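Let's take a walk through this fold together, one piece at a time.

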Amino acid sequence: MPKAKITRDMVIEAAFAVARTAGVELVNARTVAQELGCSTQPVMYHFATIEALKRAVYAKADRYHSDYLMKTEDVPLGIGLNYIRFAIEEPHLFRFLFQSGFAVEGSLPEMLDSAELTPILSAMQGALGMSAAQTKHIFLTVALFTHGYASIIANNGLEYNEASAAKHLEQVWRGAVLCAREDAE
């Protein structure tokens with residue numbers, strides 16, 4: 001009976017599943033092979049190093065996170081709440097994306113100019129009716145608050161309350177938008 005061919009995408013999917021359920025620390029040839037139901041040979045065939053595999057998984061997780069954020073009708077507030085929900089629902093992926101050192105961007109300013117953030121900033125800009133520069137400034141202000149909130153929750157330092165989070169986030173949004181408008185005058 002012919003063996004099923006294990007593709008590069010299958011290896012990434014399996015490693016993503018391991019990272020999502022157990023954490024990126026447990027992504028290795030053995031755990032990925034177990035997830036696939038094969039030997040470690042196909043894993044190492046497609047990825048010379050586990051570091052390279054983790055980078056590919058990071059890119060997949062980043063796309064998954066961006067899609068997750070955009071599932072909202074209320075663009076400014078909904079994106080922030082989705083960011084916080086992501087930390088609750090996907091704590092291993094949240095830590096991998098934002099607390100593992102795997103980010104492609106070396107700094108927050110680099111992240112603001114990244115292609116991955118463009119759809120989110122464009123949606124926000126349209127919802128806010130502000131310039132690209134104002135939108136980036138507002139995003140930065142809100143992102144710093146939201147990331148802190150989500151990080152505390154992802155690391156079990158705060159119990160999530162949707163109404164409270166929404167109220168805090170709305171206050172930050174209103175303040176950031178007000179400041180951006182005042183700065184434009």
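Which helices are included in what covers the buried residues of H9? Among the elements doing so are helix H5 (75–89), helix H6 (91–99), helix H7 (108–112), helix H8 (118–128) and helix H10 (162–184).

You are viewing a predicted model. The protein averages a pLDDT of 88, and 96% of the residues score at least 70. Confidence is highest in H1, at a mean of 98, and lowest in H7, at 77. The secondary structure comes to ten helices and zero strands, so reading along the sequence gives the pattern α-α-α-α-α-α-α-α-α-α. Along its principal axes, the C-alpha trace spans about 70 × 35 × 30 Å. Of the 185 residues, 42% count as buried. Among contacts with a separation of 6 or more, 63% are accounted for by residues 24 or more positions apart.

Now start with the helix of highest confidence, H1. The axes of H1 (residues 8–22) and H2 (residues 29–36) come within 9 Å and cross at roughly 105°, and H1 and H2 are therefore roughly perpendicular to each other. On the H1 side, Met 10, Val 11, Ala 14, Ala 15, Ala 17 and Val 18 take part, meeting Thr 31, Val 32, Glu 35 and Leu 36 in H2. The residues of this contact divide into eight nonpolar, one polar and one charged.

Next, turn to H5 and H6, which pack at an angle of about 115° with their axes 5 Å apart. That angle falls in the range of 65 to 115 degrees, so this pair too is roughly perpendicular. H5 brings Tyr 83, Phe 86, Ala 87, Ile 88 and Glu 89 to the contact, while H6 supplies Pro 91, Leu 93, Phe 94, Leu 97 and Phe 98. Here the residues divide into nine nonpolar, no polar and one charged.

That brings us back to H9 (residues 132–154). At 1.5 Å a residue, its 23 residues should span 33 Å, and the end C-alpha atoms are 30 Å apart, which agrees. The buried residues of H9 are Gln 134, Thr 135, Ile 138, Phe 139, Val 142, Ala 143, Thr 146, Tyr 149, Ala 150, Ser 151, Ile 153 and Ala 154. When you look at their spacing, keep in mind that an α-helix has 3.6 residues a turn, so residues three or four places apart point the same way. Following H9 comes Asn 156, whose phi is positive, near 60°.

Terms used: Residues numbered from 1 in each chain as written. Predicted model: local features only at pLDDT ≥ 70, side-chain atom pairs only at ≥ 80, totals over all residues. Heavy atoms only, no water. Axes fitted to C-alpha atoms, helices over the stretch in contact; angles between N-to-C directions. Helix = DSSP H or I, 4+ residues; strand = E, 2+ residues; numbered from the N terminus. Parallel < 35°, antiparallel > 145°, perpendicular 65-115°, else oblique. Contact = heavy atoms within 4.5 Å. Nonpolar A, V, L, I, M, F, W, Y, C, P; charged D, E, K, R; others polar. Expected span 1.5 Å × (residues − 1). Buried < 20%, exposed > 50% of the residue type's maximum accessible area, 1.4 Å probe, protein only. pLDDT = per-residue confidence, 0-100.
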